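Trainee: Could you walk me through reading a structure that is new to me? I'd like to start with what sits inside.

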Amino acid sequence: MEIIMNLFEKYSKIKEKLKIFLKHRKFNEKRFDTYITKVTVQGDFFFSGQIIFSGILSGCLKGDRGTMTSAIIKKESIINGDVEAMFVIIEGKVVGNIIAEKVIIRDTAIIEGSVHYEYISVEEGAIISGALKLMNSIK
């Protein structure tokens, strides 16, 4: 009986997190804090809040840990480095690892690196040359 209760408790936690994930699948780009377009950046880029990136980045794109951070990597973007945020949408090219609680990989995405996630959505046509690794944060 205890095993069934533990499984039910884990199922309930997963179900709640899935509801949150599905709610955020349709991002409203008008609510983002920062838009970075048509730029080339050398070095790591740190942010808080939400960011839409459209350009070339030779370095990591990292959201403030422990806060609600979201990043959209637009179709024309190339990032040569890791991407870290709570919620990430990839439309462009990332040569590096992606570490996020929730990840959406669009059909235009090219990823050369591992994707570490709790929840993931991959559209048909996306290219991933690396491992998909489930992060185990549900206890």
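Trainee: Is Ile 73 buried or exposed?

Mentor: Buried means under 20% relative accessible area, exposed over 50%, and partly exposed in between (1.4 Å probe, protein chains only). Ile 73 counts as buried because its relative accessibility is 0%. Keep in mind that this is a predicted model: local features need pLDDT of at least 70, side-chain atom pairs count only at pLDDT 80 or more, and totals for chains, interfaces and linings use all residues. Residues are numbered from 1 along each chain as its sequence is written, and side-chain values use heavy atoms, leaving out hydrogens and water.

Trainee: Where is Ile 73 placed, and which residues is Ile 73 in contact with?

Mentor: Ile 73 belongs to strand β5 (strands are DSSP runs of E, at least two residues, numbered from the N terminus). Contact means heavy atoms within 4.5 Å. Setting aside neighbours within four places in sequence, Ile 73 contacts Phe 53, Leu 61, Ile 79, Ile 89, Ile 90, Glu 91 and Gly 92. Gly 92 is 19 residues away in sequence, yet 5.9 Å away C-alpha to C-alpha.

Trainee: What is a nonpolar core?

Mentor: In soluble globular proteins, nonpolar side chains tend to be buried together. A core here is a set of buried Ala, Val, Leu, Ile, Met, Phe, Trp, Tyr and Cys residues joined through side-chain atoms within 4.5 Å. The largest one has 22 residues, and Leu 61, Ile 79, Ile 90 and Ile 98 touch the most other members. Strand β3 gives the most to this core, three residues.

Terms used
Helix = DSSP H or I, 4+ residues; strand = E, 2+ residues; numbered from the N terminus.
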